[in-house]
Amino acid sequence: MFEKTFIKSCFGSVGATLVSLISLAILGVMVSKIAQWMFLGAVFSGSSSEACREATGACWVFVKENLVFFMYGMLEKKEYWRAQLFVSCAIAAVSLLFFNRTKTLGLWLNFLGMPLLAIAIIYNIFSPETGVDRDAFGGLFLTLFVAYFGILWAFPIGTLLALGRKSGPVVVRLFCIFWIEVWRGVPLITVLFMSSVLVPYFLPEGVELSKLTRAMFGIVCFSGAYMAEVIRGGLQGVAGGQREVSSALGLNWLQSMRYVVLPQAIKIVSPAILNNFISLFKDTTLVAIIGMFDFLGAVQAATKNSAWLGYAKEGYVFAALVFWIFCYGLSKLSSRLNPISES
Amino acid sequence: MDIEFKHVGKSFGAFKALSDINLSVSKGEKIVICGPSGSGKSTLIRLVNQLEDFDEGEIIVFGTPLSQKTKSKFRGEVGMVFQQFNLFPHLTVLENITLAPIQVKKWSREAAEQKARELLALVHIEDQAQKYPGFLSGGQQQRVAIARALAMEPKIMLFDEPTSALDPEMISEVLDVMSDLAKSGMTMLCVTHEMGFAKMFADSVVFMEKGQIIERNTPAEFFSQPKTERAKEFLSKLKH
């Protein structure tokens, strides 16, 4: 059935046939060029740029040889386990959220367990003498680390801000509006700059926060403010009768928000929430601006390495592919996840 | 005496929604409230479970005068059924009914679900327990809403035009449930224009206009020889 209408709409008339043929020709040229560059003329084996001297296509050796750097940044090899352990635990904790029976456990692990784990093995505050440099963490790990906490904390912070702005007492409402408008009105780059330049200035003598902490704080506040406005939109979309009937049934404000209003509000705006998450994930690349080597930053740094000059194209294509895989995965996963209610 | 209104007045801004309402409802009494739209019927019953605040007079429920402090006192003891059903669309029928008993009364899930199934049997939709409200007909939804209110074991039930949003053939299934409830001895305040129900079950009919009660009568007298001209006129329009 579909094929019939498809063929008919493409070749039903002289004009349509002409357009189809021209499009096919353009598509053919493009695909063959891309295939030539990416696969046919590309070099996959070797260990230095020497291997690519004769190449007519991409030099994937560049990606292969720098892969570890892309993953971990400047981190020393003996410290890789920290990043690996953290990411494995994060994946496990997040997957618990997808099953009704483990959802509560998942929430505890994600919001309490994972921050503690980060403090223990990434910030390493319990055994500082082993001396892992906090600012050495980089590459894809850093991107995932920052995005994980940014996305996770945006939810509760955004929800509280939205509820505060909508139905808090005057002081709370003003505070929430102020908070949201300040963070939302400033570009993320500025937030990151300020967090790296201004925050140390305001901190008391002797207290020192790592770059990672400061950047994280900025990103969480920023994403929380955006999330607040999205969730507020959802709250407005829930019918007024729902609040009324909750109160007639004896539910107090907190219960009616928790079980009746918020699940519906979040469901209404879940596409917008996903949108936020994806753009936040990509925005984490801006931490490069304060000198942190996130995934994209690591790729860029590698292209400037004198041993690998001239392979920026390969680097960026690889980076785009990796970002696309994560964002697409996020979109596939989120359609199955609603942390408050499963319906 | 379950409910007593004493000189109650209520305004929305400059609009006087209720003025000088005096009404007493004794235990087990069924009162049908009717009148033209905008006459304050809904506002009157919404005052009983404090969905609205009043400005003047006094309302006494179960011997306690209502105030800001009593807002959570009678939680669940006064059940209410709305014109628009207001079921929770994201929860199944069973979850709709068990939510309040579990959260407010702290019942166990098992106890709440057993109670819910009994209530669903009472309103003749025991087979729909796992469905979401969106898959039920209007009449079924309203019966779930009644079961949901009953799950809190209320002593008074308020009905705010429970059949007005329903197709004609679904009205009777809801009225049947209300009739069963009336027979069980529940104190009921019903805003409705279902005169058949009023004739069969009401102890008295209250007729309202412009925020005032202008007639309280037995159903037999109200329908055969209303005391006021206005009620006569209203009834003649209703019959057409």
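**A buried arginine, then a covered strand**

Tutor: Start at the backbone oxygen of B:Asn86: it lies 2.9 Å from a polar atom of the B:Arg148 side chain. The model is predicted: local features need pLDDT of at least 70, side-chain atom pairs count only at pLDDT 80 or more, and totals for chains, interfaces and linings use all residues. Residues are numbered from 1 along each chain as its sequence is written, chains are lettered from A and ligands numbered from 1 in the order written, and side-chain values use heavy atoms, without hydrogens or water.

B:Arg148 sits in helix α4 (residues 138-150) of chain B; helices are DSSP runs of H or I, at least four residues, and strands are runs of E, at least two. B:Arg148 is buried (under 20% relative accessible area, 1.4 Å probe, protein chains only). Yet B:Arg148 has no salt bridge (a Lys or Arg side-chain nitrogen within 4 Å of an Asp or Glu carboxyl oxygen). The nearest side chain of opposite charge, A:Glu244, is 10 Å away. Contacts (heavy atoms within 4.5 Å) of B:Arg148 include A:Val245, A:Leu249, B:Phe85 and B:Asn86.

Now the strand. In β8 (residues 187-191) of chain B, 5 of 5 residues are buried. B:Thr187, B:Leu189 and B:Val191 point one way, B:Met188 and B:Cys190 the other. In a regular strand, side chains alternate between the two faces of the sheet. β8(B) runs parallel to β3 (residues 30-34) of chain B, with 4 bridges. There, B:Val32 partners B:Cys190. β7 (residues 156-160) of chain B is also parallel to β8(B), with 5 bridges. B:Met157 stands opposite B:Met188.

Note on methods: Buried < 20%, exposed > 50% of the residue type's maximum accessible area, 1.4 Å probe, protein only. Lys, Arg positive; Asp, Glu negative; His and termini not counted. Polar contact = N/O pair within 3.5 Å; in protein donor to acceptor, adjacent residues only side chain to side chain. Pairing = 2+ DSSP bridges. Lists of a residue's contacts leave out its neighbours within four places in sequence.
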